[in-house]
Amino acid sequence: MDAPGAVEYEPASVKELLAEMKDTAELLIDLSYSAVLLGSDDLAEEVLTLEERMDVLQLRARMSLLMASRSVDDAEQLAPVLGVVGAAEGISDAAGDIAAVVLEEIGLPDALRTALPDAVETLVRATVDADSEYAGRTLGDINLETETGVRVIAIRRGGDWLLNPDRGTRVEADDVVLLRGPDDGISTVYATATRTAYAPPEPEAAGIDDLDRAVDSIVLMKNMSELAVDLAYGSVLFDSEDVAAEVAELEAEVDALQSRFEAWTLRAAARVDDPVALRGLVRIGTSTEEISDAALDISEGVLRGIGAHPVVTEAVLESDEVIVRLTVDPGSELDGVTLGEREVKTETGTRVIAVRRPGEGDDDWVVSPGPATRLNGGDVLLAKGTRTGAERLAALVS
């Protein structure tokens with residue numbers, strides 16, 4: 001294995017480094033689980049490439065933060081920022097361990113790949129053909145998200161990653177684009193970009209009935225860990241101890257789930273022909289729990305009353321997928337309807353990750369609301385999505 005290249009200090013914007021680390025960490029979660037779902041060596045290799053990039057980013061961020069600390073007050077304010085840096089790296093390491101399950105062919109039960117589609121939005125990697133109608137055009141000109149529901153979440157050009165492509169970003173021939181969206185849209189966009197037909201993976205039937213509960217627990221752990229990361233950044237952005245407390249609750253629930261997962265896996269190991277083939281399942285369970293630990297690290301400063309450093313809140317605001325807080329106005333389109341009735345996620349492209357209902361005493365938080373969650377005037381929404389999607393959601397609540 002080649003030794004990593006030297007990293008020397010150079011002046012850099014901590015805000016920009018943190019924003020790129022946040023985008024990279026969230027992309028790594030998507031890529032790693034998608035690599036498992038698809039059994040894709042290509043996606044797993046992209047995870048390891050980005051993990052190396054994250055190693056460099058976290059070193060540069062730590063150097064810049066150390067240079068900025070000149071007093072006790074500085075140290076107190078910057079300590080939680082170091083926690084955010086370490087958390088992003090922790091997510092990166094966990095994603096790398098998940099990807100290694102694919103590359104090292106450690107082995108996974110078919111039941112896991114059967115259960116994951118409900119938890120993973122379709123994500124594919126495509127190389128833009130020189131004859132593609134996308135080549136040489138901007139994303140704004142192509143208008144992919146509006147026309148197909150597919151979003152370009154990252155572009156690799158040569159050895160460089162562009163993790164925050166916007167309407168002005170030009171797509172070039174030989175770009176490697178990562179696409180996320182509904183199956184129909186993915187098929188169309190992939191075919192147009194590569195000039196070859198998209199062949200989705202064939203679903204595999206569950207083969208180990210005894211592992212059903214263990215597999216279901218991993219899917220639940222994944223969803224809860226991702227929600228914890230989203231809420232953690234929300235707690236920092238809005239300096240909310242209530243949201244940070246929800247992160248702590250989620251982390252505790254994931255810990256409890258992992259304990260049950262380990263017990264179910266060990267019991268099942270006695271009933272399968274080759275218990276060694278369950279190593280990949282165990283590794284994914286451990287890595288998923290580490291993602292929830294990282295989420296708690298992000299919100300630790302808020303939980304301990306230190307507050308959020310402005311550089312972190314600015315980095316969250318400038319990242320690829322933004323987190324917004326909006327209040328439902330009485331009489332607005334979302335007053336008195338459920339998220340499912342109004343098809344909020346489909347119409348806006350944003351995901352409501354929490355709802356705060358104002359009460360006489362402590363506010364009541366609904367974490368991870370579903371289609372049946374009814375909104376009322378005065379409710380406060382925390383939502384995550386693109387800036388365009390956030391503007392659409394803002395129009396619905398006002």
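**Ground rules.** I number residues from 1 along each chain as its sequence is written, and I work with side-chain values that use heavy atoms, hydrogens and water being left out. Because the model is predicted, local features need pLDDT of at least 70 and side-chain atom pairs count only at pLDDT 80 or more, while totals for chains, interfaces and linings use all residues.

**Strand E4.** Five of the five residues of E4 are buried, so the strand is largely enclosed by the rest of the structure; buried is under 20% relative accessible area, exposed is over 50%, and partly exposed is in between (1.4 Å probe, protein chains only). In a regular strand the side chains alternate between the two faces of the sheet. Looking at each face of E4, I found Val-176, Leu-178 and Arg-180 buried on one side and Val-177 and Leu-179 buried on the other.

I then looked up the pairing, for which DSSP must find at least two bridges between two strands. Strand E1 (residues 123–127) runs antiparallel to E4 and is joined to it by five bridges, and strand E2 (residues 151–157) is likewise antiparallel to E4, with five bridges. Leu-178 is the bridge partner of Arg-125 and also that of Ala-154.

**Nonpolar cores.** A nonpolar core is a set of buried Ala, Val, Leu, Ile, Met, Phe, Trp, Tyr and Cys residues joined through side-chain atoms within 4.5 Å. The largest one has 79 residues, and Leu-178, Leu-231 and Leu-382 are among those with the most contacts inside it. Apart from it lies another core, of 18 residues, which includes Ala-126, Val-152, Ile-155 and Leu-179. For Leu-382 I listed the contacts (heavy atoms within 4.5 Å), and, leaving aside neighbours within four places in sequence, they include Leu-231, Phe-238, Val-324, Arg-351 and Trp-365.

Of the 26 residues of H8, 21 are buried. In helix H11 (residues 310–318) the buried residues are Val-311, Val-312, Thr-313, Ala-315 and Val-316, and the buried residues of H11 pack against helix H1 (14–38), helix H3 (72–103) and H8.

Glu-251, in helix H9 (residues 241–269), is buried yet has no salt bridge, with Arg-304, the nearest side chain of opposite charge, 11 Å away. Here a salt bridge is a side-chain nitrogen of Lys or Arg within 4 Å of a carboxyl oxygen of Asp or Glu, and Lys and Arg count as positive, Asp and Glu as negative, with His and the chain ends not counted. Not counting residues up to four places away in sequence, Glu-251 touches Glu-289, Ser-292, Asp-293 and Leu-296. Glu-249, also found in helix H9, counts as partly exposed because its relative accessibility is 48%.

**Positive phi.** Most residues other than glycine have a negative phi. Glu-343 has a positive phi near 50° and lies in the loop between strand E5 (322–327) and helix H12 (344–348).

Definitions and conventions:
Helices (H or I, at least four residues) and strands (E, at least two) are DSSP runs, numbered from the N terminus.
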